[in-house]
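Subject: Handover of a structure and notes on its contents

Dear colleague,

Please find below the structure that I am handing over to you. My notes on its contents follow directly after it.

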Amino acid sequence: MVWSLQAPSDLSDHQFVQWSKLLEERTGIQLSSQQKTLLQSQVARRMRELGCSDYNQYFEQVTDGLPGLMEWSVLVDRLTVKETSFFRHRPSLEYVRRYLQNRINNRKLDKSFDIWSVGCASGEEPYSLAMVANDCFELAALDPYYGITGTDISQSALEQARTADYAKRKLEPLYPDEISRYFKRTDDERFVVAEKLRDRVCFSQGNVTRINSMPLVKMDVIFCQNLLVYFRRWLRRDILNAFADRLKPGGVLIIGLGEAADWEHPSLRRAMGTEVQAYIRDERQEQ
Ligand SMILES: C[S@@+](CC[C@H](N)C(=O)[O-])C[C@H]1O[C@@H](n2cnc3c(N)ncnc32)[C@H](O)[C@@H]1O
């Protein structure tokens, strides 16, 4: 393959369709034609790093067997939106708190309490869920097994998540009490998540559009926000149906507000309230 030092030119409409189809097939992410510049700039940036100036040649490389998949995992990191924050949608996190307190008060805890953060980006969401769970168990003076699994398609996001190390500005959405209890300040003014939370959270790469190949146990809480919005309606529905199958009886699924307005499932009922979009699995349902 001949690489050159010439800068890549503009993506043609045909090439845009080819690249966006590949992205959608492999991640579910659907791009609109307005996002052509975004796609072009990210693909071109990666091509410049490789010294390649021909989109077709690079396309062949990315779609060429196992080496192609390795290059794809670099490119996909550039094409996904990884914006996130601690307690990004506090009402949803507070819903989890009430749900868990209720389970504790009604003595409805199983052997373990399992939470899944789907599309967890750089970890702020699963660590926020861990803070909520730890608060509830500490308040009830209980020490059961509980764990949070964060999955994402992006390796670089997961690497960041595993370090559990954040800049000071990332802590802005947190209350002072949450910071003092759950973070350790480092000498260089960064903040590391406390070990007692880190021990509860594990991360693993997973593509939610291949959900059936993910080896996960049944969950008490499935939390998936700001991910389904990138997918077509039929794909959102299929993924939500698969989430429903992964819930324990009485488990809860929480998605972003308005991310699947008209979705329903025979084993789930929508929780009351307009601030949170949550669905509870029937307790008696045999699975
Ligand atoms: C906008 S962030 C949302 C992060 C977090 N859930 C929140 O609400 O703050 C979307 C995340 O979904 C991930 N993602 C995109 N497509 C995915 C897929 N097919 N499977 C799993 N994760 C995916 C991206 O890498 C990114 O980290």
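A residue is called buried here when its relative accessible area is under 20%. Phe137 has a relative accessible area of 2% and is therefore buried. Phe113, at 1% relative accessibility, counts as buried as well. Please note that the model is a predicted one.

Aromatic pairs

Phe113 and Phe137 also form an aromatic pair, with 6.2 Å from centre to centre and 80 degrees between the planes, and the arrangement is edge-to-face. Phe113 belongs to strand S1 (residues 112-118) and Phe137 to helix H6 (residues 124-139). The pair thus links distant parts of the chain, 24 residues apart.

In total, the structure contains 10 aromatic pairs. Another of them joins Trp19 and Phe59: the ring centres are 5.1 Å apart and the planes stand at 90 degrees, so this pair, too, is edge-to-face, the term used for planes over 60 degrees apart. Because Trp19 is part of helix H1 (residues 13-27) and Phe59 of helix H3 (residues 55-62), the pair ties together parts separated by 40 residues in sequence. Trp19 and Phe59 are both buried.

Beyond these pairs, there is a cluster in which ring pairs link Phe86, Tyr127, Tyr166, Phe183 and Phe203.

The ligand

Which residues come nearest to the ligand? Of the 22 residues around it, these are Thr27, Thr84, Gly119, Asp152 and Asn226.

Thr27 has a backbone N or O atom at 2.8 Å from a ligand nitrogen. For Ile153, a backbone N or O atom lies 3.3 Å from a nitrogen atom of the ligand. Asn207 takes part through its side chain, where an N or O atom is 2.9 Å from a nitrogen atom of the ligand.

How much of the ligand does the protein bury? Taken alone, the ligand exposes 600 Å², and the protein buries 99% of that area.

Yours sincerely

Terms used:
Residues numbered from 1 in each chain as written. Predicted model: local features only at pLDDT ≥ 70, side-chain atom pairs only at ≥ 80, totals over all residues. Heavy atoms only, no water. Phe/Tyr/Trp six-rings, centres within 6.5 Å; stacked < 30°, edge-to-face > 60°. Helix = DSSP H or I, 4+ residues; strand = E, 2+ residues; numbered from the N terminus. Buried < 20%, exposed > 50% of the residue type's maximum accessible area, 1.4 Å probe, protein only. Near = heavy atom within 4 Å. Polar contact = N/O pair within 3.5 Å; in protein donor to acceptor, adjacent residues only side chain to side chain. Areas by Shrake-Rupley, 256 points an atom, 1.4 Å probe, with all protein chains shown as cover.
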